[in-house]
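Here is a short report for a reader new to this structure. Look at the fold as a whole before turning to single residues.

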Amino acid sequence: MESQTIVEALLLGLLEGLTEFIPVSSTGHILLAGHFLGFHSTGKAFEILIQLGAILAILSVYFGKLWQMLVKLPSDPQTRHFVIGILIAFLPAAVIGALAHDFIKTILFESPKLICIMLIIGGVVLLVVDRINFKPVHHDVERFPLSVYLKIGLFQCLSLIPGTSRSGSTIVGALLMGVDKRAAAEFSFFLAMPTMVGAFAFDLFKNRNVLTSADLPIISVGFIAAFVAALIVVRFLLDYVSKRGYSLFGWWRLVVGIAGLAALMVWG
């Protein structure tokens, strides 16, 4: 295992953790960075499997809340309503993602230009939506109507296009459905749990015959780096967006997308 590859895995893992839960597209960032670094993983599995680090980070932050939900689930109607809502929001992207998995991994994941374009489009959308003076009617993630959960889940399907952003799609969808900025980000966290676990398990299954023990060090380094970085982001993001909104992330997307297109024109 070359030291350069380990360093690249470390950098990509940090990038995954820093960007997974903010609306800038972690997958888009990792694929672009990997393209320019010349980093290649078996079956593009690295980019999906290191998400386990980010998953564990958010599970550790919300462990107390999740445990309470598990205890209350048999007897509390509100908790059951919330769990059903998460499942409803999760299913559309899960079904489409499973059906279109090969196309996404072999075609969309291999198009840096598409990723840059989607980063730019998403940045513009985020800046516009952030400036609209919505009148939020939903403030508690556990009390959304089931129809709102479903519509947010449909928005999440857009994130199957790399560069769009899973959190960005769900946050924009939630804001358009009348959810306040903090609750939109928080529900994106909860929806990330089954979505990312599902993507991880499905991709691990699909690549079970091509992954080898030689891939383990790279994936392990990326996993640990993603866990640490995501832990920091999750602990501070809700307070930040409550006070300042999402415009910073819209500009971030524009800068990265434009810089990526420029780099592709110069270096290919």
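Helices (H or I, at least four residues) and strands (E, at least two) are DSSP runs, numbered from the N terminus. By that numbering, phenylalanine 109 sits in the loop between α7 and α8. This is a predicted model: local features need pLDDT of at least 70, side-chain atom pairs count only at pLDDT 80 or more, and totals for chains, interfaces and linings use all residues. Residues are numbered from 1 along each chain as its sequence is written, and side-chain values use heavy atoms, with hydrogens and water left out.

**Overall fold**

The protein has 13 helices and zero strands. Along the sequence the pattern reads α-α-α-α-α-α-α-α-α-α-α-α-α. The C-alpha atoms fill a box of roughly 55 × 40 × 35 Å along the principal axes. The radius of gyration is taken over C-alpha atoms, and the globule rule is 2.2 Å times the number of residues to the power 0.38. For 268 residues, a compact globule would have a radius near 18 Å; the protein has 18 Å, which agrees.

Buried means under 20% relative accessible area, exposed over 50%, and partly exposed in between (1.4 Å probe, protein chains only). Of the 268 residues, 49% count as buried. Accessible areas come from the Shrake-Rupley method with a 1.4 Å probe; for residues, only the protein chains shown count as cover. The accessible surface comes to about 12,500 Å², and 71% of it belongs to carbon and sulfur atoms.

Contact means heavy atoms within 4.5 Å. Among contacts between residues at least 6 apart in sequence, 83% join residues at least 24 apart.

**Charges and salt bridges**

Lys and Arg count as positive and Asp and Glu as negative; His and the chain ends are not counted. The place of a charge is NZ of Lys, CZ of Arg, CG of Asp or CD of Glu. The protein has 19 positive and 16 negative side chains, and the centres of the two sets lie 8 Å apart.

Side chains of opposite charge can pair when their charged atoms come close. A salt bridge is a side-chain nitrogen of Lys or Arg within 4 Å of a carboxyl oxygen of Asp or Glu. The count comes to eight salt bridges by this rule. The table includes some of them.

| Acidic residue | Basic residue | N to O distance |
| Glutamate 142 | Lysine 65 | 2.3 Å |
| Aspartate 76 | Lysine 72 | 4.0 Å |
| Aspartate 203 | Lysine 105 | 2.8 Å |

Aspartate 203 lies in helix α11 (residues 181–206) and lysine 105 in helix α7 (residues 101–106), so the pair ties together parts 98 residues apart in sequence. Are these two residues buried or exposed? Both aspartate 203 and lysine 105 are buried. Aspartate 203 has 3% relative accessibility. Beyond its neighbours within four places in sequence, aspartate 203 is in contact with Ala45, Ile48, His101 and Lys105. Its C-alpha atom is 25 Å from that of valine 233, 30 residues away along the chain.

The salt bridge between glutamate 142 and lysine 65 also links distant parts of the chain, 77 residues apart. Glutamate 142 is in the loop between α8 (112–131) and α9 (146–156), and lysine 65 is in helix α5 (residues 63–72). Glutamate 142 is buried at 9% relative accessible area. Lysine 65 is partly exposed at 30%. Lysine 72 is partly exposed, with 38% relative accessibility.

**Back to the loop**

Phenylalanine 109 counts as buried, at 8% relative accessibility.
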